Every structure is written in structure tokens, then in C-alpha cells.
Amino acid sequence: MMKKSAEIKSFLEHGDDSLAIRRLLDYSLEINHLDLLKDAISISKLYHQSRLENSDSLVYSGLKVQSLELLAALDLVAPHLPFHSEPLLKVNAISKKYLGGNFSLSPISLEIKTSDIIGVVGENGNGKTTLLRCLSGQLAIDSGSIEYPRIPNSDFYSIKNHVAFIPQRIPKWFGYLKDNLCFSASLAGIHGAQNELMVDFMLERLNLSKYAHLTWDKISSGYRTRFEIARVLLFKPGLLILDEPLANLDINAQQTILTDLRYLAKSSYHPLGIILSSQQLHEVEKVADKVLFIKQGKCLFTTGEASNEKPSTVIELETSILREVLVNLFEQSDIQVQYNGVFYTLSSVSYDAQQLIQLIFSKNIPVTYFRDITNSTKRYFN
Amino acid sequence: MKIIEKLKSWFLPKFLMKFDHKLLLNSPVLWTSRAHLVSWLGLLAVGILSLIFLTIPNDPRHESTIYLPIFFILVASIVGVVIWLIYLLRFNVFKRFGTYTWQSMLGSFFLMFVSLGWFVLFPFLPSAIETYRADRAYNSEELVLETERMNFLISELMYDSLITEFSRDTLFVCDSFIQAENERNTYTVENYLEGSINICNREYLLRKMHDYDSIVSLGKGYYALLMAPNYTFLNVSNAQQYFPIKRLKNLQFYNLIHRKYDPDSLTQWRSEFGVLREKYASDEYYYSNSYSQYEVNNSLFFDTLGIRSIEAGLANISFRKYLWRGEAIEVFFRLWFYCTLALTLLVFIFRHTTTKIFFLTLLVFVLLMMVSGLLVAFLSLDEIGIFNLMLFYLIIFFMFLCLIFKSTRKNKIQGISLNIFTAVIGFLPLIIVSLYNAIIENRYAETPLYENYYEMFAIRIKIAELSGILLLLIAIPAIIYKAYRKWYSLPVE
């Protein structure tokens, strides 16, 4: 907990206000002290209000003082909460074939525990959504087994209560956003004043307060995704499954959501497991503990697991020089050069990434962009 | 949106909105039903409608004009149901996989019934208020006594035109079957036709004597039964049920009219009759088949005193005043109850199944009706056959329903079976009792039904109706809840 406090102080000192406020909210929730949580929500509201009004730094400095005071108060009451990781889902060689369709999902096994984030990546139409729908109990599997260790003797109703699935196309909801959130909290057994407090918290945490009294038609698709996340989080699921949650978000929102998901998964208040599919490989890889690459229904690669297929170093490179020149420069080495129309992909067995980059600079190749994708699923896209 | 908000602020007080918010935070099942809002608005609507129908001019003597308002209220009720459905269907605890116990399902069913009950109730309101107004305007005692008085006054005022001839029935009294048979061969036996002869035994004659005003022996076992002319020109039989008086027999009334006739009192009687006519006469002309003998003999008889208008007025008053009494209330209650129950079952099923399966269920139901119709026609099925067919369907649907508990995938047929089972299980006792009644009627087809058959029939139907409700309320937690929970959450193919 003290580490968290130091982290928030550091964000405040370096002007990472938005992140600091979000983390302050998380910290307050984890301490589970209602008055302090209310204070954190008030600070967050003031912060968002001042952002809206373009207030000067005086307001910010006032908020900073309040935030530090709250942090000190939180530190005083912060208990030591030992964190135990619990298995949430055990998937054993599940497969699925659609009736009358050509596509089939080959046997896939995985396991997820609380606070784990698993990313599922792959090209369109290769089975990501099918896998996620099977895991959430929406789609029947043909073989294999799915266990939900937290709900022994589970029926599908309990499973769906335990597993929240957010599809890519979020189904339309009706009524005011806030009413929907209160309803979700109420369904999860959060009643009375605590319900209102948790809804306020979630509105602030996902920056939805100014949309609280709007309806579906009046908010953008990005906010709909955020709203859906807020709604399912209030429902307190053990496992959260998101299908392409980043699809409707701008680059800033993508990073904010991914960061938030990471923090939410590892929250000591209500840690949960998250499985998400996305096309944003690098962003997902940054937050995910494990990434599954799926191609034509098969899991070809899982990050963190040894693979015999492509042990070489691979980097992505953008340069203004011609391909022939580039090939000639690396003619004497084992470096393979491939071009996908945008980037060059350089792969080598004898060089590691650091050496490869040094080599590129030593040959005075003008570089506008490069990325080490040796351990990324990106190398499998071609 | 602004209009809705404005309407909300007009009709929904702050305390109710606070209560609504409290329900949202604490009891999602209660909140989603919106029964509290419907009940409040229902009370308001009842109040407003009552005020309108109590204040608008409405003379009980005239023919009722409430049919158009009833139509408009019915349309408004349908619009109300649609608006309620829009709000109801926004939130669904069951489909969101929230904490949904069998108590929640039962409570949800009850609250939906209450909400829909209000909407079904509104169209009944105008007629109930009309009854209330007629009841306040005229009481049964004055109706009965003043009608009697009017009959007396009419008779005295039209004294010269009164029929004075007695009607006559002839009876042949015999003690043996052979004697009766001999007489039967001689005369046509027709009851109640003047000049015809009834053959009977002595016991019958003694019993019959009380119904007639006079009996004259014609000799050789023949008797003439005489009846004084009927001077009951106006009648309020409904009122007499609620204010029974010992009415004079025809002969007593006949004697009274003739004894009391006094030409000097005619002016006073005319004026008294004028006051009563003013009180009861309607603008309308009421043609009844009664007293046609007067119409034939003297068409001016009724026109002179405006009796037909009084008759129309009394009929309208009687109709309005006694519409909501006795058996009619039972009929109205049944109409309200079954309309509400049918709508509740539809909404209940829609809330617990997928949209696709709901509409498929409706389609299957219609197709089943058509197929059953063809079966009934081609196999010449009687009532027993039809009820057996219904039971057969129910068993089949129940069997498919049971398969849900073993199923690992969502199955359309099982879903449809579950929906139909839910819709008809409450009517199972009624089907069984109707089948039993049909069997009894079939057994007594050649002979008269036993004496209290129809009383027993009514009691059996009532028991079946109550058992049906009970069965539905038991089936919800015992089967329906578990089946829907399992079926809805199953993964699809």
C-alpha cells in the first residue's frame, strides 16, 4: 500500500494529474473507507470540473494539496492486505466447429487467475471472438472442458453471473446512464448509500460523470465502451472478457482504458481476471501478462512460452533507403530482410536486438522508426 | 424528452420519485416492474376519470352514452400499456443474470399482474360510475313503490280503456292413466293456450289453483281456471330483488282498481301521475312486446299517458343501477381477471425468453390451433376429443420442457415448449373439469341431467379456476423458474 502511495505522490509531483487522480480513487477504494472514498470522489469531481473550465494552476495546486492530504489520511488507515491469486478459469483443449461452416477452433488450453490479463490477438476471422464466446459460456463447445473453480457445481446462470462478456458491438441499452449503473450495482447486491457511492466512484474513475444523465444515443461509441466496462465492473464479475474493446477508441482512450484495466485487474479491492482480444498488438502486449496469437482457429504462439518455430531476433524498421541498398548492406550477415509495404522486418539468428540496432546505426542507415518484435506476436502477422 | 420530464414533474410527486430511487438502489426486481408508478398513476387516473364521469351531465333515465368514452379509455389504456412496456423492458434482472431467486420471479409476476390490472381496469370505470350515479339518484324502495303507484294511477286514469275480461285455462282432471289416454285422443294438449285443455291429476289441480284467481267446475272432471287481467303496465323486476314487497295478485289489483275508481279524484291522480312521469320518463320511446293487446285494441292507450317513455326511463335506470350487482360483478371480475392474466403471462414469458423464441412460440401456437381445427373437423372430434387433444399437447410440451434439465445447449423446441407450458399450466384444472363435465353430459345425453347439475357445474368451474391460479403459483417456483434459469443461460449451438 505504501508503494502505491509513493507512486501516486510521484505522479502528482511530475504533473501526471489525470493518472494520479485515477490512482487516488483506486487507492481509496482499496482501503474501503467510505469517508475517504467520498473525499477522493470529490477531488476527482473538482479536477474534472477544473479541466472543463480550463482553470489556472492555482486550482490544480489546491487539488494537489488536497490529494496529498488525502493520501496521508489513506496511509494512516491502510491495512496490509495479503494478495492471493486464485484460479478463475481452466480451459482444457476446447474445440468448436460451426454447423454448416468451414471454420473450426482447434483445441486450445489456457488458465487464468485473479489479476491476470490475457490478450488474444490474430487477424480478423481467425477465431478470437469464437474463443471468447466459448469462454464466457455463450457458445457451446464441441470437446474439451471449461472449469470455473470459483463456482463449484456451477450452472450456466451462475457462470454468466461470474463471467462478464463485453462484445465488440455493445448492445443498445435504454434509460439514463446513471440509472443503468445504479441498477447494475443493485444487481450485484450493492444497496442504499453504498450503491450511490460506488456509482459515483465508477463515473469518476472512468470519467463518465458528465454523461451520467445522458442516454445511449447521446454518447459516442468510445464512451459506450467505457460505460459498458463501468456497468460490468459494478456487477463485480470474477472474470471480465472483452472482445475488441479498443476498436472504437482513440489512441489516448485506448491507452487509458488499457492502463485502467491493468489497475482494475490487480486491484486488491476486487481483483479479477481479464481476457481481451484486440488488433492493437503493442498496446495489448504492454498490459497483458500473456498473449495468445490465433491463426485459422489455432493458437500458434503464446508469449512467455518457449517456441521452436522462430527463435530468431526480429525487428521492425522504417527507413528512407531503398530495399536493394538495405539488402546489400546486410549481404555478408545472416540478416533476412522482408518488406510489407510499410515496414522492413529484419530477422537474424546470430544477432540479438541490441546488436542489430547498433549494426544498423553503424552502417548509417537513416531510421525513422524501429521496434523489437522478437517477443511480440506481431512477427506472426504477414 | 423535455415533454416527458415535464409530465413527470406534473404527475409524479417528489416523495414518489424518492421512493422510486430508493427501490432502484435497493430492490431492482421491484423497481423494474414500475408497479409503484403504475399504481400511483392508476389511482390518479381513477380519480380524474371518476371526477369527469361524476360531473358530466348523465341522466340515468336516458340510454347510456358511455360506449364512446369506454372506447377512448380502452385506446388510452393500450397506449398506457405500451409506455409501461417501454419502461419495463429497459431493465431485466433475469436477463442480466443478476440475483434472481424464485421469490423474485413470483414477485415479478405479481407486480406485472398488478400493473396490467390497472390498465385493464380503466375501461370498466365509466360503467361502474354510471351505476353509482344511478344508485344515488334512485333507491330500490322508491323505484318499487312508485312503479306500483304508477300502475295504479295508469289503471285509474285509463279506466275506460282497461280490459276487463278474465283469461281462462281448462283442465281435465283424471285419476287413471287409461282415462287420461282416452281424453288425450280426444283433445290436443297444449299448455297456456286459451281454449286448450290440460290433462292432469287432482294433486296438480290443487297446486295450480293457487296460481289462478278463480276456478269453476264445468262438470265431468272439467275445470275452468280464470285469471284476472294484468294491470302491471310498468315493471322494475331488478329493483324487486333488492326491495321485495308482497305484490297484489292480479285479482286483488283488479278489485282495487274497480273499487277505488272515483271520477272526482281523476284530476288529483292526473297531477300525481304527471309528477311521477316527470321523475321517470325518458326522452326515448321504448317499444316492448308486453301489453300488445292494448296496442291492438287501443293504440292510443300508451301514447295518452306517455307510458312507453316511462318504461324506457325505468329500463335505463334499472340497467344502470343494477349492472354492477349480483352475477354481473362475477362476470366483470372474470373479464378483468382473465384479460389481466393473459397479458401478464405474455409479458412474463417475453421477460424470460429470447425475442426470437417468443415470436416463434406465438407462431407455433397459431399453427397448433389451425392443425387442431383441421383434426377436429376431419376426425369429427366432440368436446371430449378436443379436451383430450389439449391434454395431449400439454403432456408433450411438458416432456420437452423436462429435457431442458438434461440439455447442454439452448434448444428452440424446448424453449417454445417451456413458453407454451407456462402460458397454459394455469388452465389445466379448467381443461380437466371441462373434460369431466363433457363426459357427464355425454353420459346423460339420452336422459335428463341430474337435478343440481348446473349448480355443481358452476361450483366445479370455480374450483378449477382457483386451482388453476394455485397451480400456476406453485409451478413458477417448482418448475418454471428452474427451467427458464437453465434454458436461458445455456450456450447456443
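This report describes a sheet, a helix, the nonpolar cores and a chain contact in a predicted model.

Residues are numbered from 1 along each chain as its sequence is written, and chains are lettered from A in the order in which they are written. Local features need pLDDT of at least 70, side-chain atom pairs count only at pLDDT 80 or more, and totals for chains, interfaces and linings use all residues.

**Sheet of chain A**

Helices (H or I, at least four residues) and strands (E, at least two) are DSSP runs, numbered from the N terminus. In chain A, 6 strands form an open sheet with mixed pairing, in the order E5-E6-E7-E3-E8-E9; two strands pair if DSSP finds at least two bridges between them. E5 and E9 of chain A are the edge strands, each pairing on one side only. From one strand to the next, the twist averages 20°. E3 and E7 of chain A pair in the parallel sense over 4 bridges, and A:Ile118 stands opposite A:Ile275 in E7(A). Helix H5 of chain A lies across E3, E5, E6, E7 and E8 of chain A, and runs at about 155° to E7(A). Such angles run from 0 to 180 degrees between N-to-C directions, with axes fitted to C-alpha atoms, for helices over the stretch in contact.

| Element (chain A) | Residues |
|---|---|
| Strand E3 | 117-121 |
| Strand E7 | 273-277 |
| Helix H5 | 128-135 |
| Helix H8 | 192-205 |

**Helix H8 and the cores**

H8(A) has 14 residues and reaches 20 Å from its first C-alpha to its last, close to the 20 Å expected at 1.5 Å a residue, where the expected span is 1.5 Å times one less than the number of residues. Among its buried residues are A:Met198, A:Phe201 and A:Met202; buried denotes 20 or more other C-beta atoms, placed from the backbone, within 10 Å of the residue's own. Their cover includes H2, H3, H7 and H9 of chain A together with H2 of chain B. A:Asn207, with a positive phi near 55°, follows H8(A).

A:Met202, A:Ile241 and A:Ile275 are among the residues that touch the most other members of the largest nonpolar core, which has 138 residues. A nonpolar core is a set of buried Ala, Val, Leu, Ile, Met, Phe, Trp, Tyr and Cys residues joined through C-beta atoms within 7 Å. Helix H6 of chain B gives the most to this core, with 9 residues.

**Contact between chains**

In contact (C-beta atoms, placed from the backbone, within 7 Å) are 20 residues of chain B and 22 residues of chain A. On the side of chain B that touches chain A, H2 and H22 of chain B each give two or more residues.

How values were computed
Buried ≥ 20, exposed ≤ 12 C-beta atoms within 10 Å, placed from the backbone. Contact = placed C-beta atoms within 7 Å.
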